[in-house]
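Please brief me on helix packing and charge pairing in the structure shown here. Keep it short and grouped by topic.

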Amino acid sequence: MAVSGADVQHAKKLLCSGELVAIPTETVYGLAGNALNPRAAATIYEVKNRPSFNPLIIHTDSLRKVNNYVASIPPVAQKLADAFWPGPLTILLPKTDALPDIVTASSRRVAVRIPQHSLTLSLLRELDFPLAAPSANPSGYISPTKVAHVEAQLGDKINYILDGGPCTVGIESTIVGIEEDRVEVYRWGGVSLEDLKAVVPNVQTYSNQLEESPAAPGMLKSHYAPSKKVIIGNIAELLRQYHHSEVGVISFMDFFPQIPENQQCVLSTSGDLNEAAQRLFSSLRYLDSPSIKVILAEFVPDYGLGRAINDRLARASA
Ligand code: TXA
Ligand code: MG
């Protein structure tokens, strides 16, 4: 079992010696290692059972440090960084040779973000290297939003989990690339379309196509998935087709009295999409239990963080 605690110095010591540490961020927990150490990066792929073609995001605490690892920051990227960092936005930028190729899976662009979490920021400030950190889950499974989630799946593979409490955003970062004056969105996450457009008007989306051969490799069709079948539709109608004893329900706002309370998760009784995002992954994990055979879910309104929620639901059901 991994030890957990809020000891930044201990985390630093492990990371400096090439070991991995799970770290909290506002989005999800990350499985972090020294991004400048190819062996640490290789261990990340190994521990997650992640395909070697799927690159890692690097995390730092300042734009000054970002500049060591990227060849340039185009004006549009600078605007986004000013508006959203620290925060749940990842920007693809041209990499320098300072970063080993294994981190970007040989891509010439590196994904960078400054996370908004006080404990992790204080750790990053202490380090003279960035942290490569994918979500701290086995490849393909649901991202962890609590220490217990990391513990359950990677507890026997890592020595330390930096405990920063439950993640406040609860869904991964939005990933964007820059093409001249245009922002290209590869994954919807904690920064919404509305937020982006308020800063850069020209925003184009690639993320809702569920492509098989995506520009961001992690955008594979089946991802973020529990081991149970997830069916999306009108929950009341779906409930007529399944044995109530073996279904789990994830609804946006409504409770369904025809099935037991412990088989359903209401994402937000008040219809708050931020609260719904925060609860989505722990709800999927909770219902991914032996007694449940199928998870019934419904899409949420497609604006704000609703876009990211619907994207993850669609992938969970693919
Ligand atoms: O919120 C987040 O982004 C979390 C926290 C820990 O920061 N991290 C995260 O990492 O979600 P991960 O590895 O689970 O997802 C990162 C996604 C993957 O789909 C990967 O393919 C894509 O980003 N990605 C990373 N580097 C890339 C690159 N150089 N070019 C294209 N896509 C990249
Ligand atoms: Mg992930």
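Predicted model: local features only at pLDDT ≥ 70, side-chain atom pairs only at ≥ 80, totals over all residues.

Residues are numbered from 1 along each chain as its sequence is written, chains are lettered from A and ligands numbered from 1 in the order in which they are written, and side-chain values use heavy atoms, leaving out hydrogens and water.

**Helix packing**

- Two packed helices are described by the angle between their axes and the distance between the axes.
- Helix 1 (residues 8–16) and helix 5 (residues 118–126) have axes that come within 10 Å and cross at roughly 50°.
- Helices here are DSSP runs of H or I, at least four residues, numbered from the N terminus.
- Axes are lines fitted to C-alpha atoms over the stretch in contact, and angles run from 0 to 180 degrees between N-to-C directions.
- Helix 1 and helix 5 are therefore oblique to each other. Angles under 35 degrees count as roughly parallel, over 145 as roughly antiparallel, 65 to 115 as roughly perpendicular, and the rest as oblique.
- The crossing of helix 1 and helix 5 is right-handed, meaning that the near helix is turned clockwise from the far one by less than a right angle.
- Helix 1 makes the contact through Val8, Gln9, Ala11, Lys12 and Leu15, and helix 5 through Leu119, Ser122, Leu123 and Glu126. Contact means heavy atoms within 4.5 Å.

**Salt bridges**

- Side chains of opposite charge can pair when their charged atoms come close.
- The structure holds 11 salt bridges. Each is a side-chain nitrogen of Lys or Arg within 4 Å of a carboxyl oxygen of Asp or Glu.
- Lys95 pairs with Asp101, with the closest N and O atoms 3.1 Å apart. Lys95 counts as buried at 14% relative accessibility, and Asp101 as partly exposed at 45%.
- Buried means under 20% relative accessible area, exposed over 50%, and partly exposed in between (1.4 Å probe, protein chains only).
- Glu194 pairs with Arg307, with the closest N and O atoms 3.4 Å apart. This pair links distant parts of the chain, 113 residues apart: Glu194 is in helix 7 (residues 193–199) and Arg307 in helix 10 (residues 306–317).
- Glu194 is partly exposed at 36%, whereas Arg307 is buried at 13%.
- Arg279 pairs with Glu275, with the closest N and O atoms 3.0 Å apart. Both lie in helix 9 (residues 273–287), four residues apart, about one turn of the helix.
- Glu172, Asp311, Arg312 and Arg315 are joined into one network by salt bridges that share partners.

Terms used
Helix = DSSP H or I, 4+ residues; strand = E, 2+ residues; numbered from the N terminus.
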